[in-house]
Amino acid sequence: MSRIGKLPISVPSGVTVNYDEKANVVSVKGPKGELSQKIDASIKFTNKDGQITLEVDENSPVNYKQKQAYHGLYRSLVNNMVVGVSEGFCQVLELVGVGFRVSNQGNIIELSLGYTHPIFIELPQEVKVETKSERNKNPLIRLECADKQLLGLICEKIRSFRRPEPYKGKGILFEGEVIRRKSGKTAAAAK
């Protein structure tokens, strides 16, 4: 059995979890929003006394290894939904480079990353964005969302405009991320 799949999920107060058996859809509602996820038919979902457990249906036609993979996957997805609607997820991106700037107007981010033109990104309404630029510090982008998958996709989209590079350490990094630096070309030894 999957070790992660066996762990029960505790539902905090203020969060309601509903399961539609016909459509195999779990919907979670809380103070930060509402999320839903379709679950494979080979997984049994139970919600009793504030504890959610997911079990493998031994009678389903899906092969054994696939059932085990689904077990851990859907347990993690449901857990992320419960945590997201109760606490939310936050990600901070740091722009490292000379002249890199960021600003936002509502849910539209404007990035200046050394290209000849500024880059504009419109974020979904579920994502809250806050930008901070202080003197002698790298600009920061703070993103908050209840949906962990959506937050990861948006962070990856923003990072794709200037990937961190190992020679000068420039680019868009997660806060606290360490880039392994390379030395670059060295002068040839005199012979």
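Begin by selecting Ile9, which stands opposite Ile52 in β6; two bridges join β1 to strand β6 (residues 51-56), and these strands run antiparallel. Strands here are DSSP runs of E with at least two residues, helices are runs of H or I with at least four, and both are numbered from the N terminus; two strands pair if DSSP finds at least two bridges between them. This is a predicted model, in which local features need pLDDT of at least 70 and side-chain atom pairs count only at pLDDT 80 or more, while totals for chains, interfaces and linings use all residues. Residues are numbered from 1 along each chain as its sequence is written, and side-chain values use heavy atoms, with hydrogens and water left out.

Next, select the hairpin made by β2 and β3, which has four residues between the strands. Strand β2 (residues 16-20) and strand β3 (residues 25-30) run antiparallel and are joined by five bridges, and Tyr19 has Val26 in β3 as its bridge partner. In the turn, look for Asn24, which has a positive phi of about 55°.

Move on to helix α2 (residues 64-86), where Tyr70 and Tyr74 lie four residues apart, about one turn of the helix. The structure holds two aromatic pairs. The ring centres of Tyr70 and Tyr74 are 5.7 Å apart and their planes meet at 45°, so the pair is tilted; rings of Phe, Tyr and Trp (its six-membered ring) pair if their centres lie within 6.5 Å, and planes under 30 degrees apart count as stacked, over 60 as edge-to-face and the rest as tilted. Tyr70 is partly exposed at a relative accessible area of 21%, whereas Tyr74 is buried at 11%; buried means under 20% relative accessible area, exposed over 50%, and partly exposed in between, with a 1.4 Å probe and protein chains only.

Select Gly88 in the loop between α2 and β7, a residue that is partly exposed, with a relative accessible area of 22%. Leaving aside neighbours within four places in sequence, Gly88 is in contact (heavy atoms within 4.5 Å) with Lys32, Val83, Cys145 and Ala146. Gly30 is 58 residues from Gly88 in sequence, yet the two are 10 Å apart in space, C-alpha to C-alpha.

Finally, select helix α3 (residues 148-159), whose 12 residues reach 16 Å from first C-alpha to last, close to the 16 Å expected at 1.5 Å a residue, where the expected span is 1.5 Å times one less than the number of residues. Its buried residues are Leu150, Leu151, Ile154, Cys155, Ile158 and Arg159, and what covers them includes β7 (89-96), β9 (108-112), β10 (119-122), β12 (140-145) and β13 (171-174). At the start of α3, a side-chain oxygen of Asp147 comes to within 3.2 Å of the backbone nitrogen of Gln149.

Technical notes. Polar contact = N/O pair within 3.5 Å; in protein donor to acceptor, adjacent residues only side chain to side chain.
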